[in-house]
Amino acid sequence: MDLDALTAARREEWRRLDELSRTRGLRGAEVDEFVARYQSASADLADIKTSAGRTPQGDHVSTILSRARLRLTGAPDNVLRQLPRFFLLQLPAALYRLRWTSLVVTLGFIGIVAVTAAWIGQDPRLVATLGEDWQLEQYAEEDFVAYYSEHSEAAFGALVWTNNAWIAVQCVLFGVTGIWPVYVFVQNAVGLGTSAAIMFAYDRGADFVLYILPHGQLEMTSIFVACAAGLHMFWAWVAPGRRTRMDALASEGRALATVAVGLVLSLALSGVVEGWVTRQDWPWVVKIGIGTLALGVFLFYTLVVGRRAARAGETGDLTEYESGTPRLVAG
């Protein structure tokens, strides 16, 4: 192959391809021309490399093709540009979608805690089945309160954060089973109700309430949202609607992975409250007020910011460019 002759013959075509790759708002005919010239230039580059190897002409065509390829396929946004969209649109919209299911889970949890505590607490014989009297008394008199100060603030906050974040992520990821979120929900409710029964049986009910409320408001709300997210994943598999089950699971899974990231952050905040606030000798109104403020920030973000994001068309899923063009269905 005569490289000089090929370059002379194709120079204008390559220049036109480069021009089209830099032009914004291409019309229909120009798009067709752009694709045809891209294919032709790709064939030219293959001929050049096969016949002559690495050459200046080949490098020139390769540069033009790289620019054209970016125009055809697009390029992902810079991370710094993705973060505002994630926190202002995707995450709040995903949390907003779960609001009613989260409310049902919350009411169910409170109901199980109340029934468990009342059932055990009303019969001393049931309380006695939980352990020896001295063990239960030590738990109520010392261990329950000491738990919040047996480690340093940073170590304790990190411990409860990682433990709760892991539970929340499991609820979301294993929610497709329909069993794991319910198991976590019931296990935690029964455990909390049992602790309440012991504390009230030994006249330490005030300690139970006061040491749970500062951090527990946001912590338990985050777990409730995680359980709701898991149940949504299960329902997407059971009742996918017009979508295939795989499409429904993929869409729901992407949105709920977004929720998992958000819950890791909210649980980090509750870990800070539990590690640095709950143990302090401050007035209880101050400590509970801080916990209520943390919950208020989460609810504002979910219900107000999330509502705005949902009205803007966000669902918490990835954009079409990031996830691929959705499959069209009839009806």
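This briefing covers the fold, salt bridges and surface patches of the structure above. The model is predicted. The protein has 13 helices and zero strands. Its radius of gyration is 30 Å, well over the 20 Å that the globule rule gives for 331 residues, so the protein is more spread out than a compact globule.

**Overall form**

- Read along the sequence, the pattern is α-α-α-α-α-α-α-α-α-α-α-α-α.
- The C-alpha trace spans about 100 × 50 × 35 Å along its principal axes.
- Of the 331 residues, 40% count as buried.

**Salt bridges**

- The count for the model comes to 14 salt bridges.
- Side chains of opposite charge can pair when their charged atoms come close.
- Arg 16 counts as buried because its relative accessibility is 18%, and buried means under 20%.
- Arg 54 forms a salt bridge with Asp 59, and here the closest N and O atoms are 2.7 Å apart.
- Arg 54 has a relative accessibility of 73%, so this residue counts as exposed. Asp 59 is partly exposed, with a relative accessible area of 32%.

**Arg 204 and its surroundings**

- Arg 204 is placed in the loop between helix H9 (180-201) and helix H10 (205-238).
- Arg 204 forms a salt bridge with Asp 207, with 3.3 Å between the closest N and O atoms.
- At 28% relative accessibility, Arg 204 counts as partly exposed.
- The C-alpha atoms of Arg 204 and Glu 137 are separated by 9.9 Å, although the two residues are 67 residues apart along the chain.

**Negative surface patch**

- Glu 137 is also one of the residues in a patch of negative charge on the surface. Gathered with Glu 137 are Glu 132, Asp 133, Glu 142, Asp 143 and Glu 150.
- Glu 150 lies in the loop between helix H7 (133-146) and helix H8 (153-173).
- Glu 150 has a relative accessible area of 52%, so this residue is exposed. The cut-off for exposed is over 50%.

**Nonpolar surface patch**

- Leu 83, Phe 87, Leu 88, Val 261 and Leu 265 make a nonpolar surface patch of about 420 Å².
- Helix H4 (79-97) and helix H11 (245-276) each supply at least two residues of this patch.
- Helix H4 gives the most to the patch, with three residues.
- Val 261 is found in helix H11. Its relative accessible area is 40%, so Val 261 is partly exposed.

Key
Residues numbered from 1 in each chain as written. Predicted model: local features only at pLDDT ≥ 70, side-chain atom pairs only at ≥ 80, totals over all residues. Heavy atoms only, no water. Patch = residues over 30% accessible without salt bridge, like charges linked within 9 Å, V, L, I, M, F, W, Y side chains within 5 Å. Areas by Shrake-Rupley, 256 points an atom, 1.4 Å probe, with all protein chains shown as cover. Salt bridge = Lys/Arg side-chain N within 4 Å of Asp/Glu carboxyl O. Lys, Arg positive; Asp, Glu negative; His and termini not counted. Charge placed at Lys NZ, Arg CZ, Asp CG, Glu CD. Helix = DSSP H or I, 4+ residues; strand = E, 2+ residues; numbered from the N terminus. Buried < 20%, exposed > 50% of the residue type's maximum accessible area, 1.4 Å probe, protein only. Rg over C-alpha atoms; globule rule 2.2 N^0.38 Å.
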